[in-house]
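Student: I have a chain open and want to go through it with you. Can we start with the overall picture and then look at single residues?

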Amino acid sequence: MLFGAHVDTAGKFLTTPERAAEMGANTLQIFASNPRGWRPTIYSPEDGARFQQACQDAGIQKTFI
C-alpha cells in the first residue's frame, strides 16, 4: 500500500524525499513551482537526476507533481 502526503519543498527540493520518509511515507506529492507565482521554477537535468536518486535512497516509490 502506498502512504504519502503533500510535502512542502520549502526551498529545499532535494531534501523532500528524506522528509517524506521521516513521516513514514513511501510516496509524496510536491508543487514543481510556487502555485501562487507566475514564474515557473526551472530545474536542470542534474536536479532531476539528484531528485530521483534522493527518492530511491529514501524508499519513495511514487512522486506526484
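Predicted model: local features only at pLDDT ≥ 70, side-chain atom pairs only at ≥ 80, totals over all residues.

Student: How many helices and strands does the protein chain have?

Tutor: There are two helices and three strands. In sequence order they follow the pattern β-α-β-α-β.

Student: What is the radius of gyration, and what does the globule rule give?

Tutor: The radius of gyration is 12 Å, close to the 11 Å that the globule rule gives for 65 residues, so the chain is as compact as a globular protein of that length. Along the principal axes, the C-alpha trace spans about 35 × 25 × 15 Å.

Student: What percentage of the residues count as buried?

Tutor: Of the 65 residues, 25% count as buried. The chain exposes about 4900 Å², and carbon and sulfur atoms supply 55% of that area.

Student: And what share of the contacts comes from residues 24 or more positions apart?

Tutor: They account for 52% of the contacts with a separation of 6 or more.

Student: Switching to α2. What span should it have, and how far apart are its ends?

Tutor: At 1.5 Å a residue, its 14 residues should span 20 Å, and the end C-alpha atoms are 20 Å apart, which agrees.

Student: Which residues of α2 are buried?

Tutor: Asp47, Phe51, Ala54 and Cys55 are buried. They cover an arc of only 100° around the axis, which puts them on the same side of α2. On the other side, Pro45, Gln52, Gln56 and Asp57 are exposed.

Student: What covers the buried ones?

Tutor: The cover includes α1 (16-22), β2 (27-29) and β3 (62-64).

Student: What happens just after α2?

Tutor: Glycine 59 is there, with a positive phi of about 80°.

Student: Back to Asp47, an aspartate on the buried list. Why does aspartate 47 count as buried?

Tutor: Its relative accessible area is 18%, and the cut-off for buried is under 20%. Its side chain is joined to that of arginine 50 by a polar contact of 2.6 Å.

Student: Now threonine 27. Where is it, and is it buried or exposed?

Tutor: Threonine 27 is in strand β2. It is buried, with a relative accessible area of 9%.

Student: What does its side chain reach?

Tutor: The side chain of threonine 27 reaches the backbone oxygen of lysine 62 at 2.8 Å. Leaving aside neighbours within four places in sequence, threonine 27 is in contact with Leu2, Phe3, Gly4, Ala5, Ile60, Lys62, Thr63 and Phe64.

Student: And asparagine 26, where does that sit?

Tutor: Asparagine 26 is in the loop between α1 and β2. It is buried too, with a relative accessible area of 17%.

Student: How far is asparagine 26 from phenylalanine 3, in sequence and in space?

Tutor: The two are 23 residues apart in sequence and 5.7 Å apart in space, C-alpha to C-alpha. Not counting residues up to four places away, asparagine 26 touches Met1, Leu2, Phe3, Gly59, Ile60, Gln61 and Lys62. Gly59 in that list is the glycine with the positive phi just after α2.

Technical notes
Residues numbered from 1 in each chain as written. Heavy atoms only, no water. Buried < 20%, exposed > 50% of the residue type's maximum accessible area, 1.4 Å probe, protein only. Polar contact = N/O pair within 3.5 Å; in protein donor to acceptor, adjacent residues only side chain to side chain. Helix = DSSP H or I, 4+ residues; strand = E, 2+ residues; numbered from the N terminus. Expected span 1.5 Å × (residues − 1). Arc of directions from axis to C-beta. Contact = heavy atoms within 4.5 Å. Rg over C-alpha atoms; globule rule 2.2 N^0.38 Å. Areas by Shrake-Rupley, 256 points an atom, 1.4 Å probe, with all protein chains shown as cover.
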